[in-house]
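Here are some notes to read alongside the model. Take the points in order, and keep the structure open as you go.

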Amino acid sequence: MPLLSVENLRTHFRTADGILRAVDGVSFTVNAGETVAIVGESGCGKSVTANSILRLIPESIGKIAGRIVFEGRDLLGLPIKQMRQIRGNEISMIFQEPMTSLNPVLTIGYQLSETLRLHQGLTAAQALARSVEMLTLVGIPEPAKRVRQYPHQLSGGMRQRVMIALALACSPKLLIADEPTTALDVTIQAQILELMHELKSSAGAAILIITHDLGVVAEIADRVIVMYAGRKVEEAPVEKLFRTPQHPYTQGLLDAAPKLGASLKNSEGRLSEIPGMVPSPKETIVGCSFAARCARVSQRCREVVPSLEPKSADHFVACHHAI
Amino acid sequence: MSATPTPIYSGPIEQGDLFPAARKSRGFLALIRRHPTIALGSALLFVILILAIFAPYLWTVDPNALSPAHRGRPPSLRNWFGTDLFGRDLYSRVLYGARVSLAIGFSVAVMSSIVGLVLGLISGFIRWTDAIIMRVMDGLMSIPPILLAIALMALMQGSIINVFVSITIAEIPRVARLVRSVVLSLREQPYIDGAIAAGTTTPMIIWRHVLPNAIAPLIVQATYVCASAMILEAILSFIGAGTPPSLPSWGTIMSDGRAVWQIKPYIILFPAAFLSLTILAVNLLGDGLRDALDPRMAKRF
Amino acid sequence: MDTTPILNVKNLKKHFSVKGQTVKAVDGISLHIMPGETLSLVGESGCGKSTAGRAILRLIDLTEGEVELNGQRIDQMSARQLRPLRRHIQPVFQDPYSSLNPRMRLRDILAEPIRNFGLSPNAADIESRIRQLLEMVRLPADAAGRLPHEFSGGQRQRISIARALAAEPSLIVCDEAVSALDVSVKAQIVNLLQDLQKELGLALLFISHDLAIVEHMTHRVAVMYLGRIVEIASRERIFGSPQHPYTLALLSSVPVPEPGRTIDRIVLKGDVPSPMNPPKGCHFHTRCPFALDRCKTDEPKLRSVAPGQHVACHLHDLPPSENPIAQRTAVSEVSS
């Protein structure tokens with residue numbers, strides 16, 4: 001049985017100028033111990049998907065519909081109290097901006113201990129000791145000293161490590177990482193990716209990583225889901241996705257990203273573009289959401305929403321004219 | 001690692017929106033629904049403005065006409081709001097008093113905005129003047145506005161012009177501080193750098209790039225200044241340091257009824273109610289404008 | 001063939017005074033750009049590349065150094081003298097959402113430089129220039145009457161590029177101009193810049209942290225670390241055989257969109273030191289996997305190690321058999 005099963009997730013927001021369909025019917029699963037990446041550009045709904053799983057969408061502005069089954073329980077049906085017991089404990093999340101994800105007026109040690117005392121019932125002393133352990137685990141030098149420091153005294157890379165420590169403190173079964181390295185410098189990003197590789201094997205958690213960076217996906221993911229305009233367009237194991245993409249959008253993304261070292265192989269020319277731009281989530285799109293920009297478009301694409309079809313046992317595409 | 005095949009969700013695919021479609025109504029009614037505070041505030045203010053402007057035609061008598069025979073009468077059909085201790089009709093006094101309050105409120109708001117804008121622009125742009133101007137502003141702000149106004153009135157005769165001047169001086173520092181902070185933050189915007197690189201002179205940058213973007217917060221602040229000025233004027237008149245007795249203001253009316261408010265509360269009640277309503281209207285308008293004019297420039301989605 | 005550089009920067013320094021301490025954001029960099037050439041300035045946050053760009057554009061004043069634009073010294077000029085010369089060097093900034101005055105229509109945004117520099121005799125001519133500019137950046141002609149918020153991020157960057165082109169410059173400084181855009185839009189803008197360069201013979205100073213994009217569109221690269229240039233070379237040499245440990249680490253850190261490929265990655269230890277308190281000697285020695293004792297005290301100077309390649313590193317004083325970089329790049333040249 002999969003660890004997490006998201007079924008027909010829809011998250012809509014009510015705004016002043018209409019309904020914003022951020023996520024419009026997305027289904028996928030995450031199995032224990034595996035790393036699934038959700039890839040897409042801005043506005044595709046990937047971050048909203050992550051927030052919806054943990055129900056971090058305020059009721060006053062957004063509604064979530066569908067089923068999110070975690071270890072047999074539908075998260076959307078749980079009372080908030082039980083949801084809180086799951087957050088940080090069985091499912092935890094790390095966010096993009098390390099600068100703003102930590103409370104600036106509380107020490108690192110306090111923030112780490114808080115989650116340990118809450119979910120695991122440790123005493124203050126026990127929690128502090130475990131916090132120092134966690135900081136060592138994520139590779140922070142002088143953890144005993146750092147535990148007493150405030151977030152502003154740490155660099156961006158360190159703060160992201162603290163976030164990872166926070167997330168892993170209660171040994172969650174699922175870790176959701178929303179653009180964890182986007183705000184970091186590339187050499188620091190390399191450090192964090194290396195850390196995540198190590199922790200993947202030792203912590204045994206399943207990881208759902210949200211990113212727009214195909215390089216990060218290639219390095220860390222087992223399976224990849226490609227989202228566009230609130231819908232899922234392709235899903236495949238990572239090698240199959242990169243070697244034999246089936247959806248024109250995936251192909252376009254892969255072609256549009258320049259590869260380091262391409263100039264040396266004389267394999268360059270213009271970067272291949274995807275013409276046009278991502279549709280606004282407030283628009284109602286009839287038919288395939290990618291039709292307006294697709295080179296393989298036909299009349300059918302503009303009328304009928306393509307459904308997700310399996311092209312092989314583990315490769316799914318939503319396209320009338322898959323490659 | 002072998003990837004277990006994903007079972008495709010095979011249940012019924014529900015479509016459709018999770019919210020009822022918003023009726024995209026254009027026009028006046030939609031505007032009111034979207035900005036109820038602005039609508040309410042301006043409606044109230046408009047009513048009071050009408051009452052003030054058309055006071056002579058709204059069944060009033062001379063507000064200063066003494067009528068000793070009818071002193072201190074409670075509200076009746078003859079005197080809708082009753083009479084004060086000199087027999088003057090309160091209804092007329094309140095309506096004419098509205099003129100004073102509104103005139104002071106608006107004129108102070110306008111003048112302090114202009115002066116504050118100029119001072120804020122200068123101190124925000126010409127760095128060496130910043131310290132000087134801001135220290136003077138700090139000095140003025142450290143004195144409670146009402147005391148400042150009283151002190152200034154003590155130096156001058158009591159007349160409506162002098163009330164206007166003293167209250168304006170008391171209100172300028174807040175506006176100047178606001179404009180300065182807006183200017184400082186606008187200066188950091190890349191489009192200002194773009195304008196510099198495009199060869200625009202500093203005065204034109206202020207005129208074309210800074211001012212239009214500074215107007216919105218300034219307008220909001222002006223409404224709060226208006227409310228504050230009205231209260232200050234009422235206080236000044238209440239203690240006798242405001243407009244001369246020949247020009248009734250709500251503060252003066254309340255002052256007249258001060259001694260007898262326990263037995264004749266209507267003398268204070270009506271001007272107080274009007275003052276409160278007017279202040280409320282102005283504040284509502286200010287709040288509504290602040291929300292409406294919020295920087296929505298980055299419509300990112 | 002014109003051999004006068006469009007831009008010639010000598011020993012540019014920009015120091016800030018923060019709470020009594022001096023932050024040497026840019027600590028003596030020298031570079032030049034020839035007409036029609038793209039020089040990329042790369043580095044991570046805090047390296048000073050954006051500050052250098054702003055100093056070259058004279059949006060901030062220099063602490064020390066010379067900047068020559070078309071042979072003329074502009075670093076000491078007064079604002080009034082400088083103004084007409086600004087047309088030759090124009091910026092495109094990073095954030096599409098704050099690079100344009102939200103209350104100005106496109107027509108006015110584009111007309112501003114044209115009017116300021118007196119490039120047009122009358123209003124009709126301005127209109128036709130505006131139409132031309134919109135066409136050049138592939139925006140619809142009816143865009144002229146609209147406000148910036150009606151456009152997407154990528155379109156706004158096109159508008160910024162059009163504004164830069166309106167002044168008919170010889171050099172455009174792109175300060176992380178595509179960093180805030182999505183992958184597919186990045187490709188559009190990069191292609192546009194390259195086309196414009198070919199069409200108009202523009203020189204570009206491309207400031208970026210995205211090495212893959214840089215590789216695609218640049219002729220030469222200067223790598224900065226904590227205010228200094230550590231390596232400057234042609235594209236082939238920088239990406240083919242980098243000679244500075246930082247460049248090596250930087251290149252190897254970029255995640256490659258090829259699953260399963262093993263990367264010989266140099267993962268640097270520790271964080272980027274704060275520019276307020278840079279390490280003595282070579283700024284990079286605290287994180288350098290090949291640091292020598294000498295590096296802690298002597299600041300290495302840029303010197304030529306190959307045609308078109310200058311590196312600031314003490315390792316190149318060692319004989320090649322002892323130089324770990326020379327060995328590394330020799331190996332990677334063979335395997336790639």
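This is a predicted model: local features need pLDDT of at least 70, side-chain atom pairs count only at pLDDT 80 or more; totals for chains, interfaces and linings use all residues.

1. In H7(B), the buried residues are B:Pro190, B:Tyr191, B:Ile192, B:Asp193, B:Gly194, B:Ala195, B:Ile196 and B:Ala197. That makes eight of the eight residues of H7(B) buried, so this helix is largely enclosed by the rest of the structure.

2. What do the buried residues of H7(B) pack against? Within chain B, they pack against helix H6 (160-187) and H8. From chain C, strand S6 (89-92), helix H3 (106-116) and helix H5 (153-166) also pack against them.

3. H7(B) is followed by B:Gly199, and the phi of B:Gly199 is positive, near 85 degrees.

4. Next comes the contact between chains B and C. Chain B puts 18 residues into this contact and chain C puts in 23 residues. On the chain B side, the elements that give two or more residues are helix H7 (190-197) and helix H8 (202-238). Our helix from the opening point turns up again here: H7(B) supplies seven residues, the largest share of the side of chain B that touches chain C. Sorted by class, that side of chain B has nine nonpolar, six polar and three charged residues.

5. Chains C and A also meet. Their contact takes 38 residues from chain C and 42 residues from chain A. On the side of chain C that touches chain A, two or more residues come from each of helix H6 (183-200), helix H7 (211-217), helix H8 (235-240) and helix H9 (245-253) of chain C. Which of them gives the most? H6(C) does, with seven residues. By class, this side of chain C has 19 nonpolar, twelve polar and seven charged residues.

6. Turn now to the nonpolar cores. The largest has 203 residues, and A:Leu174, A:Val224 and C:Leu205 have the most contacts inside it. Why does this core lie between two domains of chain C? Domain 1 (7-218) and domain 2 (242-335) of chain C both give residues to it, so it lies between them.

7. Leaving aside neighbours within four places in sequence, C:Leu205 is in contact with C:Leu7, C:Ile33, C:Leu39, C:Leu41, C:Gly53, C:Ile56, C:Leu171, C:Val173 and C:Cys174. Another core, of 60 residues, lies apart from the largest one, and its members include B:Phe81, B:Leu117, B:Val210 and B:Leu285.

Definitions and conventions
Residues are numbered from 1 along each chain as its sequence is written. Chains are lettered from A and ligands numbered from 1 in the order in which they are written. Two residues are in contact if their C-beta atoms, placed from the backbone, lie within 7 Å. Helices (H or I, at least four residues) and strands (E, at least two) are DSSP runs, numbered from the N terminus. Ala, Val, Leu, Ile, Met, Phe, Trp, Tyr, Cys and Pro count as nonpolar, Asp, Glu, Lys and Arg as charged, and the others, Gly among them, as polar. A nonpolar core is a set of buried Ala, Val, Leu, Ile, Met, Phe, Trp, Tyr and Cys residues joined through C-beta atoms within 7 Å. A residue is buried if 20 or more other C-beta atoms lie within 10 Å of its own, exposed if 12 or fewer, and partly exposed in between; C-beta atoms are placed from the backbone. Domain bounds come from an automatic or database domain assignment.
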